[in-house]
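Please have a look at the model first, then try each task before reading its solution.

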Amino acid sequence: MDYFFYPSSVAVFGSFKKGAIAYEILRNIVEGGFEGEIIPVNPKGGTIEVAGRILQIRERLDEAVDTAIIAIPAKFVPELMDEIGPLIKGAVVISAGFSEVGNEELERELVEKAKKHGIRLIGPNCAGIFGVHGRFFGSFEVRVRPGGLALISQSGAFGGAALAMGNDEGIGFSAFVSYGNASDLNESDFLEYFADDENTRVIALYIEGVKDGRRFLKALRYATARKPVIILKAGKSAGGARAAASHTGSLAGSYEIYRAAFRQAGAIEVEEMEELFDAAKAFEMYSWAGKRVAVITNSGGPGVLATDKLERLGLEMAKLGDETLDELRSFLPPQCSTRNPIDLIADADYERYRRTIEVVCRDENVDSLLVICVPPIFLPSEEIARAIIEAECDKPVIVNFMAGELVRDGVELLEGRGVKNFPTPERAAKALAWLARG
């Protein structure tokens with residue numbers, strides 16, 4: 001499926017009036033820096049200016065391209081598929097008005113036309129796709145920065161919201177696919193594809209239901225054997241299941257069956273969007289962490305909150321060795337606590353944080369570190385961020401800088417070096433719990 005996520009050429013079908021879906025997709029492709037050939041197609045022809053580029057609108061597609069993105073009225077899509085079938089490898093059908101509104105016959109006709117020409121379909125009724133490392137933004141959703149997360153979403157609206165939230169959370173993406181009605185390619189196909197994609201380090205999946213449970217379980221096992229898979233399942237309650245069925249026409253089924261399948265395959269199930277991104281951030285940095293955690297903080301309260309959460313999640317507060325304790329006492333002020341959590345007190349500076357991280361990291365009883373910073377107004381957060389970045393430590397370090405404007409510069413510095421911030425002690429603790437399961 002590289003022709004979807006790493007295409008060398010694309011044709012976009014639809015209206016190119018400003019504000020129209022096809023125009024917005026075309027604009028995203030051009031502004032996103034796609035280096036391949038871009039062909040807008042509309043029977044009216046003409047030209048269109050997008051981001052300073054003048055593109056000729058073809059009246060029909062007359063040359064071969066990797067992928068076609070189609071945003072025309074549903075009733076015309078099967079006929080178009082027959083016309084362009086010999087010229088394309090894959091089609092992303094944005095158009096709505098198929099099985100999701102009871103128009104199963106039109107969707108069947110679309111699939112038959114595609115199969116006749118050996119075309120693979122994404123959609124219909126979807127929000128499009130991103131191949132971020134191919135600089136291909138074939139969707140009307142907000143563009144994202146490159147990274148390791150592939151997001152597979154049954155819902156286009158959820159996918160769009162998740163991309164925007166991911167930008168706010170400092171997430172980097174490898175790809176995004178909204179697959180809508182899954183008339184041809186579905187979540188199982190994408191799980192298998194991203195499991196083998198070299199730019200994808202972690203896969204996130206939003207599903208309401210699947211049509212072929214056996215195939216899904218096989219694909220999920222294949223993917224989880226290669227990289228972490230994080231799942232957010234909607235339609236758990238009876239009411240939610242009915243809503244999911246009406247939304248995408250999927251078989252929502254019993255949540256308990258899904259839950260058992262996720263566990264059996266070794267996937268990580270999360271309860272809400274915030275958790276999905278926290279898990280993604282953790283796995284983008286590390287593939288695994290042990291259960292014995294050392295907490296380093298400059299504020300007692302957050303250290304206690306982290307300790308409570310870690311223990312509730314089944315992790316252990318590491319018992320520091322005597323050598324570690326002696327070394328810490330040799331340079332820490334006497335009012336600092338060297339018990340785990342290690343409290344460096346409010347005026348902890350670059351040197352105190354860096355040396356403490358390095359000493360604790362060397363302790364064979366410690367598997368991972370949770371470093372908390374609540375900077376006083378007289379101490380810039382970027383100083384502590386630098387200490388974390390420059391400390392010599394070969395074990396997972398999860399960071400909680402809090403809060404808001406007070407730590408903005410420090411968080412930016414961390415994220416620029418690939419260190420993700422978790423805004424609360426509890427979310428940081430949970431990130432370590434996922435790593436310990438992974």
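A disulfide here is a pair of cysteine sulfur atoms within 2.5 Å. The model is predicted, so local features need pLDDT of at least 70, side-chain atom pairs count only at pLDDT 80 or more, and totals for chains, interfaces and linings use all residues. Residues are numbered from 1 along each chain as its sequence is written, and side-chain values use heavy atoms, with hydrogens and water left out.

**Exercise 1.** Find the disulfide in the whole structure and work out its handedness.

*Solution.* Step one: a search of the whole structure gives one disulfide. Step two: its partners are Cys-361 and Cys-393, with an S to S distance of 2.2 Å. Step three: the torsion about their S-S bond is about 85°, so the disulfide is right-handed.

Step four: Cys-361 sits in helix H13 (residues 350–361), while Cys-393 is in the loop between helix H14 (381–390) and strand S19 (397–401), so the bond ties together parts 32 residues apart in sequence. Helices (H or I, at least four residues) and strands (E, at least two) are DSSP runs, numbered from the N terminus.

**Exercise 2.** Is Cys-361 buried or exposed?

*Solution.* Start with the cut-offs: buried means under 20% relative accessible area, exposed over 50%, and partly exposed in between (1.4 Å probe, protein chains only). At 4%, Cys-361 is buried. With 10% relative accessibility, Cys-336 is buried.
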